[in-house]
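This report goes through the ligand site, the helix packing and some backbone features of one protein. Please look over the sequence and the structure before reading on.

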Amino acid sequence: MASITLEGIDKIYPDGTHAVRDLDLAVADGELVVLLGPSGCGKSTLLRLIAGLEPLSSGTVHIGNRCVNGEPPDRRDVAMVFQNYALYGHMTVRGNIGFPLRMRGVARDERRKRVAEISAMLELDDVLDARPGTLSGGQQQRVAMGRALVRHPAAFLLDEPLSNLDARLRTHVREELRRIQRQLGVTTVHVTHDQVEALSLGDRVAVMRDGRLQQYAPGQELYERPANTFVAAFLGHPGMNLFEAAMAAPSGDGSMAVSVPGLADPLPVGIDGTVRDERLTAGAAIFVGIRPEDVELVGNDQAGVPGTIEAVEELGSERVIHVALPFATVDLTRSADSTAPGLLAARLDRQHRAPQLGARVAIRLPKGALRLFDRQGRAIDLP
Ligand code: ADP
């Protein structure tokens, strides 16, 4: 087992695609780190650079204390599992798991012992003599993991290993993966574009966009304290609502507010006027963010921002409504799945009466739930 340290990594493919940019990342010994980001952001490239399947354009990769820059994949002591895990169909499960040991000339007795250990851990004992084609998707995935882990690699690299499984199985295999990883204490880097998978699996999650690292933190921290508007809007279903505003002059009691185009009254943001940050001076342009679950919906006879319900998504245990307000939200993720551009999303629990399309409502944006970002998108961290 070993830590993985990446410093100043750049990858430019021969066709000029700059897939990874000036990236630093440290994975602790025994840690499970997830690389998360939209398709094409450079996650797989980064994993392949760690594995040695692609040459670096610049930077260094250390596995443990060893710089592995010049070393081919088989000298790096890492095991990789891909989305298409390509088991050998003509071999039994036992043969598949033991294959990497046979290739390395490990003696038969030792091989048997190691295969038995891994198959017990992965609960594959009953299918050791079966051929992969007769197994379920989840079992095949475990065989692929077994084949990778049997060598006791220093690090385990997983490239979207769960994406071929159906939703229910994916949850199950995800839990197993977590259990096995903990049990073995094997340093793991896991690539996915699925935020639920990332947040539930990772000790820490590295969010990437356009080849750059955006934030590296435990999942809950990413959600609660996103470092920038991209992370804020990328995480969550739907992501954080964001809209443009300008800092207003402090009000009589010294607390701060923002003016939002289309709203007559300034919106209090829950910061007292003694906070010193030049990005908060009156007139400064900012983005304001609020999570859909923090938006409050009240009757249109009550005080709040007036709006109209334009869309309702029923999600079983809860519903998400999309509300047209006097101001528009902005989409800073360029993600195709932002369902309702310009509308504010609010997540309601089932106690709420089913809202009607077209209904006039009032929205409250509690000041304690608002987050502020500068116009470069960087979070303005408040005490
Ligand atoms: P992700 O895993 O996040 O989807 P990738 O690492 O696969 O992203 O790709 C990052 C970028 O590099 C994309 O623009 C992709 O098209 C490009 N890319 C990936 N592999 C190659 C390659 N072999 N040659 C040229 N460009 C590539």
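Is the crossing of α4 and α5 right-handed or left-handed? The crossing of these two helices, α4 and α5, is right-handed. The model is a predicted one.

## Helix packing

Two packed helices are described by the angle between their axes and the distance between the axes. For α4 and helix α5, which spans residues 167-184, the angle is about 20° and the axes are 10 Å apart. Helix α4 is therefore roughly parallel to α5, since angles under 35 degrees count as roughly parallel.

Helix α4, residues 137-149, also meets helix α2, residues 93-103. The axes of α2 and α4 come within 7 Å and cross at roughly 30°. That angle makes α2 roughly parallel to α4. The crossing of α2 and α4 is right-handed.

## Ligand shell

The residues that surround the ligand are Y13, D15, T17, A19, P38, S39, G40, C41, G42, K43, S44 and T45. Sorted by class, this shell has six polar, four nonpolar and two charged residues. Helix α1, made of residues 43-51, gives the most to the shell, with three residues.

## Polar atoms at the ligand

Several distances between the protein and oxygen atoms of the ligand can be listed. In the side chain of S44, an N or O atom is 2.8 Å from a ligand oxygen atom. The backbone also takes part: a polar backbone atom of G42 is 3.0 Å from an oxygen atom of the ligand, and for C41 a backbone N or O atom lies 3.1 Å from a ligand oxygen. On its own the ligand has 560 Å² of accessible area, and the protein covers 62% of this.

## Backbone features

Most residues other than glycine have a negative phi, and most peptide bonds are trans. Two places in the model can be set against this background.

Which residue has a positive phi although it is not a glycine? The residue is E123, with a phi of about 55°. E123 is located in the loop between α3, residues 108-121, and α4.

The other place is the peptide bond from H237 to P238, which is cis, with omega near -10°. P238 sits in the loop between α8 (229-234) and β11 (241-247).

Definitions and conventions. Residues are numbered from 1 along each chain as its sequence is written. This is a predicted model: local features need pLDDT of at least 70, side-chain atom pairs count only at pLDDT 80 or more; totals for chains, interfaces and linings use all residues. Side-chain values use heavy atoms; hydrogens and water are left out. A residue is near a molecule or strand if one of its heavy atoms lies within 4 Å of it. A polar contact is a pair of N or O atoms within 3.5 Å; within protein, one must be able to donate a hydrogen and the other to accept it, and residues adjacent in sequence count only if both atoms are side-chain atoms. Accessible areas come from the Shrake-Rupley method with a 1.4 Å probe; for residues, only the protein chains shown count as cover. Helices (H or I, at least four residues) and strands (E, at least two) are DSSP runs, numbered from the N terminus. Ala, Val, Leu, Ile, Met, Phe, Trp, Tyr, Cys and Pro count as nonpolar, Asp, Glu, Lys and Arg as charged, and the others, Gly among them, as polar. Axes are lines fitted to C-alpha atoms, for helices over the stretch in contact, and angles run from 0 to 180 degrees between N-to-C directions. Angles under 35 degrees count as roughly parallel, over 145 as roughly antiparallel, 65 to 115 as roughly perpendicular and the rest as oblique. A crossing is left-handed if the near helix is turned anticlockwise from the far one by less than a right angle, and right-handed if clockwise.
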